[in-house]
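Student: Please show me how to read a model from its computed features.

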Amino acid sequence: MPTGSKLVGAVLFFAVGWYAALQVIPTFPEGTSMRFFPLTIALIGLVNGWMVMGARAGDGMRAAVANGLRTSLQIAFFGLLLFSLRQMFLRSADLRYSGFGEAIGDAMSQFIEYFVQSMTIEIWGVLFVGGIVGGLLTEWAARAWR
């Protein structure tokens, strides 16, 4: 059921995802194609804002902060997972793997590599501050539109 808090959560975490993705771009090597990267991460934020933050709004300010941080962490997790699996599929199309297990192992290795690459103050600062602010504003929206 659509609610005001789900809409506000979706919009706010779309923005958090977009801005976090813009902070990630300088960490990639020069010449890496990033055409759809911000939009993809922002859409992950939109879905998580709607389904996680918006659905859990209305439980109080402490819960709002916790749920906002959870939503931001899920944006990071699913973004890392998506792009590590994408890299695995691109490599498998070049026949780099001899089996399924090797491909999954490489995807996990790529996930960890992307995670380490993302360990900057700018990226995680956006996710943490954006998660807290997004959670509180979504909570406010849930209280305003009951």
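**Reading burial, contacts and core**

Tutor: Y97 counts as buried, at 16% relative accessibility; buried means under 20% relative accessible area, exposed over 50%, and partly exposed in between (1.4 Å probe, protein chains only). This is a predicted model, where local features need pLDDT of at least 70, side-chain atom pairs count only at pLDDT 80 or more, and totals for chains, interfaces and linings use all residues. Residues are numbered from 1 along each chain as its sequence is written, and side-chain values use heavy atoms, with hydrogens and water left out.

Student: Where is Y97 found?

Tutor: Helices are DSSP runs of H or I, at least four residues, numbered from the N terminus. Y97 lies in the loop between α3 and α4.

Student: Which residues is Y97 in contact with, leaving aside neighbours within four places in sequence?

Tutor: Contact means heavy atoms within 4.5 Å. For Y97 these residues are M88, R91, S92, E102, A103 and D106. The side chains of Y97 and D106 are also joined by a polar contact of 2.3 Å; such a contact is a pair of N or O atoms within 3.5 Å, one able to donate a hydrogen and the other to accept it, and residues adjacent in sequence count only if both atoms are side-chain atoms.

Student: How many residues has the largest nonpolar core?

Tutor: In soluble globular proteins, nonpolar side chains tend to be buried together. A nonpolar core is a set of buried Ala, Val, Leu, Ile, Met, Phe, Trp, Tyr and Cys residues joined through side-chain atoms within 4.5 Å. Here the largest has 21 residues, and F28, F37, I41 and L127 have the most contacts inside it. α1 gives the most to this core, with five residues.

Notes. Helix = DSSP H or I, 4+ residues; strand = E, 2+ residues; numbered from the N terminus.
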